[in-house]
Amino acid sequence: MENIIINGGRPLYGNVTINGMKNAALPVICACILNEEPCIIDNIPPVSDIEILLDILVSMGASVQRLSKTSVEINCKHIIPCSSTNEMAVKLRGSSYLLGAEFGRFGKASVFSPGGCSIGARPLDLHMKGFEALGATCGFKGGRIEVESERGPIGSSIYFDKVSVGATANMILASVLADGVTVIENAAREPHIVDLAVFLNACGANITGAGTSVIKVKGVEKLHGCRYAIIPDMIEAGTFMAAVAATSGKVTVKNVIPKHLEAVSAKLEEAGATVIVGDDYITVESNGKLKGVSIVTQPYPGFATDMQPQFSAMLCFAEGTSDVVENIFNSRFLFTDELNKMGANIKVDGNHAVIRGGAALSGAPLFCHDLRAGAAMVIAALASEGESTISGIDKIERGYYDIVGKFEKLGANIQKKEVKTDEQSYTSLSV
Ligand code: EPZ
């Protein structure tokens, strides 16, 4: 096991290059199941969630060839539907996309109830309602979700009463090869939904409206292979931007789509940082003197729930009071107990946190129980005086490639250190 050790209080300077977006790569990789020809996917982030998903495809009979650290050729011609194992699928939420892709190509799907970060209830009722609208029978059997229709998916109208990234992506996957036209209303508008549609269209699909709340999918007979690059990770970029604002310094995040970061940039400017936007880069400059702001998480283009923990950490260093309302996941404030151990003053009541900022924080042993919470702890530790030890860092590595190396290059005093299991245990008790 490894921990991250940070001696905080150093400003950050330089450039950091952002990797491809994990949450865009997951559905695109699953979309390869719909295709009998090979696809080359570039700009894949080399993070553990992606490695696990690629392993799942291999275990199901796909051929996966590494062309480089960030490029992979996937051939799903001989994949066997319903064959993913419980042990592998439970490791990540992204395995839920196997349902849409298997059902879309084979008319049947079966996946063990997908795992993912512990951030609150993560039901699949919207996914199941959607599959049923496409003519499937859905149910749980032995912990597995089973979706089946003798005739395969039939185009239909689907209205979601809640915006869901996962359910929208699954309906796109399920309807690309369907008989007829599918209309998805109140669809998620996230950039990763657009990325999935652009990838599938490049393979011959007929999808319009992605990026708006009404997506239309005209079923096509088959797809063909293509080469496609995943969009940059707006959450990784936003994490570095929040870190610079909290610690002070000047950093350019490169390889970004600035439009995807509008909500983040606007909040940073409101908090007092300087944000300079280029074509494919954003520079953030901060003297560390921030003021409190209010944040309300919402589906895109609102402020992303995946940026809430990192901004909450940053706001501990801002003068005044910040209100943070978390509207998407009901347990996404668990990390605040860890920040309070560092001297932060965060009071949580349901989905509302009040952060009284401005007090000096000091390093502490911290335990990370989910991906973005881990990123928040890294930011808090970088901006605090003294040493912090973060354990449970496998959660961080699910979605951030080389976070330690990237912060080190920006001037942070940060390193990974191997620890024995008995040294680890005291921090694990704090969950
Ligand atoms: C995706 O999760 C992301 N995961 C999450 O990122 C992200 O936080 C989330 O979208 C919101 O942007 C992946 O892309 C793998 P949802 P997903 O369905 O699809 C409710 C990260 O840190 N809901 O958009 O599971 C749900 O409870 C992760 O990278 C239902 O009620 O999220 C939530 O309140 C964490 N029924 C809301 O909808 C359903 O059937 C939005 O969830 C499905 C969802």
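The shell around the ligand comprises 12 nonpolar, five polar and eight charged residues by class, where Ala, Val, Leu, Ile, Met, Phe, Trp, Tyr, Cys and Pro count as nonpolar, Asp, Glu, Lys and Arg as charged, and the others, Gly among them, as polar. The model is predicted: local features need pLDDT of at least 70, side-chain atom pairs count only at pLDDT 80 or more, and totals for chains, interfaces and linings use all residues. Residues are numbered from 1 along each chain as its sequence is written, and side-chain values use heavy atoms, with hydrogens and water left out.

In total, 25 residues surround the ligand, each having a heavy atom within 4 Å of it. The closest are Asp-125, Ser-164, Val-165, Asp-306 and Ile-328. At least three residues of the shell come from each of domain 1 (2-19 + 232-430) and domain 2 (22-229), with bounds taken from an automatic or database domain assignment.

An N or O atom in the side chain of Ser-164 is 2.6 Å from a ligand oxygen atom, and a polar backbone atom of Gly-166 is 2.9 Å from an oxygen atom of the ligand. For Arg-332, a polar side-chain atom lies 3.1 Å from a ligand oxygen atom. Of the 830 Å² of accessible area that the ligand has on its own, the protein covers 92%, as computed by the Shrake-Rupley method with a 1.4 Å probe.

Helices H1 (22-31), H5 (125-133), H6 (165-175) and H12 (371-383) each supply at least two shell residues; helices are DSSP runs (H or I, at least four residues) numbered from the N terminus. H1 is mostly covered, with 10 of its 10 residues buried, that is, under 20% relative accessible area (1.4 Å probe, protein chains only). Among them are Lys-22, Asn-23 and Cys-30.

Definitions and conventions. Polar contact = N/O pair within 3.5 Å; in protein donor to acceptor, adjacent residues only side chain to side chain. Buried < 20%, exposed > 50% of the residue type's maximum accessible area, 1.4 Å probe, protein only.
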